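Dear colleague,

I am handing over the structure below, and my notes on it follow.

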Amino acid sequence: MAWVSGAIEFEKPSQNQEHFEGNIVLTKVDALVLQGFVMESEGKKPLPGALVMVYVRVNDGKEEPLCQTFSSRDGHYLLHIDKAKIPGDSTAIIIRASANEHSSSI
């Protein structure tokens with residue numbers, strides 16, 4: 001089980017308030033939550049728009065796809081993997097990212 005943060009709910013400030021106050025909404029999920037950053041190998045700059053793919057390797061060495069997403073403007077990615085989709089004979093979870101010359105222009 002994990003808790004994943006969502007949006008921040010702001011209330012309109014009253015006339016006497018000088019700042020906004022808000023609550024971060026957390027969602028309880030029964031999933032494996034993976035997060036990270038995709039960065040260029042040279043220069044270590046964030047890489048937006050990269051395809052991030054997650055695979056599971058099973059006992060026979062075969063890799064099966066679990067899920068995918070794209071990195072955000074700052075190179076960040078967040079993935080939720082349903083634990084029920086991970087086979088009992090899995091030996092590894094693999095995360096791969098790929099990008100092309102257009103990825104950094106997103």
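Which backbone nitrogen lies 2.9 Å from a polar atom of the side chain of Ser-71? The backbone nitrogen is that of Ala-50.

Before going further, please note that this is a predicted model, in which local features need pLDDT of at least 70 and side-chain atom pairs count only at pLDDT 80 or more, while totals for chains, interfaces and linings use all residues. Residues are numbered from 1 along each chain as its sequence is written, and side-chain values use heavy atoms, with hydrogens and water left out.

Ser-71 sits in the loop between β5 (63-70) and β6, and with 6% relative accessibility it counts as buried (under 20% relative accessible area, with a 1.4 Å probe and protein chains only). Leaving aside residues up to four places away in sequence, Ser-71 touches, among others, Val-38, Leu-47, Ala-50, Val-52 and Tyr-77, where contact means heavy atoms within 4.5 Å.

Val-38, Leu-47, Ala-50, Val-52 and Tyr-77 are among the 11 residues of the largest nonpolar core (buried Ala, Val, Leu, Ile, Met, Phe, Trp, Tyr and Cys residues joined through side-chain atoms within 4.5 Å). To this core, β4 (51-58) and β6 (76-82) each supply at least two residues (strands are DSSP runs of E, at least two residues, numbered from the N terminus).

On the surface, Trp-3, Ile-8, Ile-24 and Leu-26 form a nonpolar patch with about 440 Å² of accessible area together, and β1 (2-11) and β2 (21-29) each give two or more residues to the patch.

Best regards

Note on methods. Buried means under 20% relative accessible area, exposed over 50%, partly exposed in between (1.4 Å probe, protein chains only). Helices (H or I, at least four residues) and strands (E, at least two) are DSSP runs, numbered from the N terminus. Patches are made of residues with over 30% relative accessible area and no salt bridge: like charges are joined within 9 Å, nonpolar side chains (Val, Leu, Ile, Met, Phe, Trp, Tyr) within 5 Å. Accessible areas come from the Shrake-Rupley method with a 1.4 Å probe; for residues, only the protein chains shown count as cover. A salt bridge is a side-chain nitrogen of Lys or Arg within 4 Å of a carboxyl oxygen of Asp or Glu. A polar contact is a pair of N or O atoms within 3.5 Å; within protein, one must be able to donate a hydrogen and the other to accept it, and residues adjacent in sequence count only if both atoms are side-chain atoms.
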